[in-house]
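Let's go through this model together, one feature at a time.

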Amino acid sequence: MSRRRFVVLVSAAMLIALAAVLVLAVALVTQTPWGRDRIRAFAESRIRDAIGGTIHVGRISGSLFTNLVIDSVEIRGPDDSLFAATGRLEVHFDPRNLLEQRLILSGLRVANASLHLRQDSTGRFNFRDIFPSNPNPGPPRTTPGWGDYIVVDEGIVERLDLVLRTRWNPPGELRGPARDSTIRHALARSDKEFHRVPGGYEQVRRFSNVRLELTRGRLDDKDAQGRTFDVRRIDVDISDPPFAFRGARGNLRLLGDSLWADVADFRLPGSRGSMEGKVWWGNDLPARFDLRVESDTVSLADIRWVYPTLPGEGGGRMKLAIRSQPDPRVVDYVITDMDVRTTASRLRGDMTFGIGAPVTILKDVDLVAEPLDFRLIETLSGEPLPLPWRGTLSGRVVAAGGPLDRFVVDSADIVFTDANVPGAGAAGRARGTLDISEPALAVFHGLALDLDRLDLRTLQFLNPAFPRLNGTIAGRATLDSSWLDVRFHDADLTHRYGDTPPTRMTGAGRVTFGESVTTYDVALNAQPLSFVTLARAYAGGRIPLRGEYQGPLRLQGTTADLAL
């Protein structure tokens, strides 16, 4: 054998041996528990140097060249509080992308994850301490580096529970007992979660049973568009407001303290629709909203949290805009193009609820009742009405509205059909201000009433103490106080009964409806008073007077003991 050939054979043998040693070393490192422990320890140390907390990576398996399986991951903050944890995590990747310092994860699958976001007394969220925006200050990089490009293709989070804890304080204008009462009420609420914490109070929102399926997601923050996610499906149960989203799909974009959403389709237990808009936070303020929801299938059971006594049955369609006001604690729920049927009623039109103010706001009302049944009014009251109203209201209400204790009606054109007394009812118009914070005990504040017709049999049925005077009343008056203790002024009312001469009265006074008696204190001017009509219409006894009386008339007392 020639020397040259010998050298070639020896060189080849050495290369083969070196390759074998390299393969053996790689196998030792990647395919044995000892090697994988070394890789895990190395990864933990590198990540620990890059974050402001601690990380624990569980047992590693897989080929480590194209796929990786980790049985658990846990990240804790500088104070050792839990930030994130997962169960089994599986991911596939192409090692060629790693050579370019690009992390592209495909087939990512995460099981049983939890995430805890917490805002401290200074308004700073815990993830900013764990993932500082510039952990290694120095000259800016001119070339891409690790962490500048992290993309997920086809990712699934099988279950995630997210807890969001944000600072909360009662309205700043409250002082003393009013502030203490607001705090006690918040801490005792069952529909929302508030806690006392060092330095103040916090509000907790929970996002449970999350299943997330991503078509593609950009996880790093180096792109000008921010972190973007193409969501194939997301299911989530939200505690506040209490929503149970199913099958939502669309696009999400996270940039700084803002989240943009374009959700083409979502489902609630009884509703379906689409949503787009923005949610943003930061600056030591509550989360703010500018969202638009459109739904042609709405179940009232899904949105009854908006107002405590909304009925849970029925539904229809509507468009909903959720907008934060200059005071970010107040959120407007703007309902338009509504067509809803519930509790033997049908309502069409627009209205806006303002939630979060000391008194609930109802404004920008333009509603058509086709009809509105008193059973719905009683449901909204949350208790039986003081008088046994039965029947329906039909017509249109236009109201600038406002806080429920100062609700302004621009115009109400209403027809009442009495279900207690067949054939009886009323029709008329109203405008003015009411206190409807307790609908069953509505209070008038200068409510101008213009009656086309009021059948007095309705009042007799509602209150047996009302005089047995038959016929109808028409005219106008301005009402103050409650509907059980009515003060009126600028009255101009006409009483009619059959074909007898009408009676016209003008003036002011007060009528109080008690359980057994009705009390009067009125100063009227008869123009004129027809005794013929009064005698025929009054079913409570004989009235011997005939003819007419014109002039002032003062009545004080009860029906059984009346001073004239």
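Q: How many helices and strands does the protein chain have?
A: The protein chain has nine helices and 30 strands. Helices (H or I, at least four residues) and strands (E, at least two) are DSSP runs, numbered from the N terminus. This is a predicted model, in which local features need pLDDT of at least 70 and side-chain atom pairs count only at pLDDT 80 or more, while totals for chains, interfaces and linings use all residues. Residues are numbered from 1 along each chain as its sequence is written, and side-chain values use heavy atoms, with hydrogens and water left out.

Q: Where in the protein chain is confidence lowest, and where is it highest?
A: The value to read is pLDDT, the predictor's confidence in each residue, from 0 to 100. The protein chain averages 84, and 87% of the residues score at least 70. Confidence is lowest in helix H1 (residues 3-30), with a mean of 44, and highest in E22, at 97. Over residues 5-29 the pLDDT is below 50, and this stretch has ten contacts in the model beyond near neighbours in sequence. Contact means heavy atoms within 4.5 Å. Where pLDDT is low, the predicted coordinates should not be read in detail.

Q: What share of the residues of the protein chain count as buried?
A: Buried means under 20% relative accessible area, exposed over 50%, and partly exposed in between (1.4 Å probe, protein chains only). Of the 564 residues of the protein chain, 40% count as buried. As for contacts with a separation of 6 or more, 48% are accounted for by residues 24 or more positions apart.

Q: Which residues of helix H7 are buried?
A: Start with the general idea: an α-helix has 3.6 residues a turn, so residues three or four places apart point the same way. In helix H7 (residues 374-381), the buried residues are Phe 374, Leu 376, Ile 377 and Ser 381. Seen down the axis of H7, they fall within an arc of 155° (taken from the directions from the helix axis to the C-beta atoms), so they line one face of the helix. Their packing partners are strands E18 (331-342), E19 (345-355), E20 (361-373), E21 (391-403) and E22 (407-418).

Q: Which residue caps the N-terminal end of H7, and what follows the helix?
A: The cap is Asp 373, with a side-chain oxygen 2.8 Å from the backbone nitrogen of Arg 375. After H7 comes Gly 382, whose phi is positive, near 80°.

Q: Which residues touch the most other members of the largest nonpolar core?
A: In soluble globular proteins, nonpolar side chains tend to be buried together. A nonpolar core is a set of buried Ala, Val, Leu, Ile, Met, Phe, Trp, Tyr and Cys residues joined through side-chain atoms within 4.5 Å. The largest one here has 87 residues, and Phe 266, Met 338, Met 351 and Phe 353 touch the most other members. Apart from it lies another core, of 13 residues, among them Ile 60, Ile 70, Phe 83 and Leu 117.

Q: How many salt bridges does the structure hold?
A: A salt bridge is a side-chain nitrogen of Lys or Arg within 4 Å of a carboxyl oxygen of Asp or Glu. The structure holds 36 of them. In one, the side chains of Arg 118 and Asp 79 meet at 3.2 Å, N to O. Arg 118 lies in strand E8 (residues 113-118) and Asp 79 in the loop between strand E4 (73-76) and strand E5 (82-86), so the pair ties together parts that are 39 residues apart in sequence. Arg 118 is partly exposed, at 29% relative accessible area, and Asp 79 is exposed, at 51%.

Q: Which residue forms a salt bridge with Lys 363?
A: Asp 332 does, with the closest N and O atoms 2.9 Å apart. This pair links distant parts of the chain, Lys 363 in strand E20 and Asp 332 in strand E18, 31 residues apart. Lys 363 is partly exposed, with a relative accessible area of 21%, whereas Asp 332 counts as buried at 4%. Elsewhere, Glu 154, Arg 211, Glu 213 and Arg 232 are linked in a network of salt bridges.

Q: Is Tyr 520 buried or exposed?
A: Tyr 520, found in strand E28 (residues 518-530), counts as buried at 15% relative accessibility. Leaving aside neighbours within four places in sequence, Tyr 520 is in contact with several residues, including Pro 467, Val 511, Leu 555 and Leu 562.

Technical notes. A polar contact is a pair of N or O atoms within 3.5 Å; within protein, one must be able to donate a hydrogen and the other to accept it, and residues adjacent in sequence count only if both atoms are side-chain atoms.
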